[in-house]
Amino acid sequence: MCAFLQDVLVSVGIEVVTPTRSIGNELHIDDEKFDLIIVGVCASPATDLKLIREFRHSGLNQMTPIILISADQGPGALSRGFGAGATFFVYKPIDRMRMMNLLRAIEGTIERERRRFRRVPAQVKVRLKSAKAELLGETIDISLNGALVKSSHTLPVGSLIEVSLYLHSGSSPVVGLGSVVRLLDNSRMGILLDRFPSVEIMRLQDYLLPKLFD
């Protein structure tokens, strides 16, 4: 099944990552963004559903399409899969045509997610405020969902912060809540922008979209 899925995905230009041992450790769920996740229910359905929940609780993959493949046609299998966070539920056996049709159906969703996470080189002033500290910095790049920020020092990973992005001189900043998700060194950190009001997301989108197609 893995070889079949890899062959189909590679044929449409999707790079495949297939874990061989500890899935959580190999895939870096909390700090890697995936275009598509396929989970096959095998000997341990509870573990497979737990994996889906872990993806849904990670900031980067909350909206990533998840295909759950299962041979279980029992009355509760479907509801358990969707309840865990699966986007699509596919019964085995699955052939190439069914898989290609499914990929075409979610192509738009994949592209929207790619655009949302596509980083744009942009140097704008940013203010980060946590419960214990406040600092000023500058972005290195920005996406609709995150930013790489350079400042005099960093905040601890996991810090909940208020983020103010000064996109245009003389205008009010785009403001929302985010969190520190990774540290590159003692002056650069990755910020997840996952709790911004919709009106602020629209302002950020208006700023970024023209740059995405430059």
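**Close-up views of strand pairing in a predicted model**

**View 1. An open sheet of three strands, ordered S1-S2-S3 and joined by parallel pairing.** In this predicted model, the edge positions are taken by strand S1, covering residues 37–40, and strand S3, covering residues 88–91, each of which pairs on one side only. From one strand to the next, the twist averages 20°.

**View 2. Helix H5 packed on the three-stranded sheet.** The helix, which spans residues 96–105, touches S1, S2 and S3, and the direction of H5 makes about 175° with that of S3.

**View 3. The parallel pairing of S1 with S2.** Strand S2 comprises residues 66–70, and four bridges link this strand to S1 in the parallel sense. Within this pairing, Ile38 has Ile67 of S2 as its bridge partner.

**View 4. The hairpin formed by S5 and S6.** Strand S5, made up of residues 125–129, pairs with strand S6, made up of residues 134–142, in the antiparallel sense and over five bridges, while four residues lie between the two strands of the hairpin. Lys129 and Glu134 stand opposite each other here, with Glu134 belonging to S6.

**View 5. The antiparallel pairing of S5 with S8.** Besides its hairpin with S6, strand S5 is joined by five bridges to strand S8, which consists of residues 160–166 and runs antiparallel to S5.

Notes
Residues are numbered from 1 along each chain as its sequence is written. This is a predicted model: local features need pLDDT of at least 70, side-chain atom pairs count only at pLDDT 80 or more; totals for chains, interfaces and linings use all residues. Side-chain values use heavy atoms; hydrogens and water are left out. Two strands pair if DSSP finds at least two bridges between them. Axes are lines fitted to C-alpha atoms, for helices over the stretch in contact, and angles run from 0 to 180 degrees between N-to-C directions. Contact means heavy atoms within 4.5 Å.
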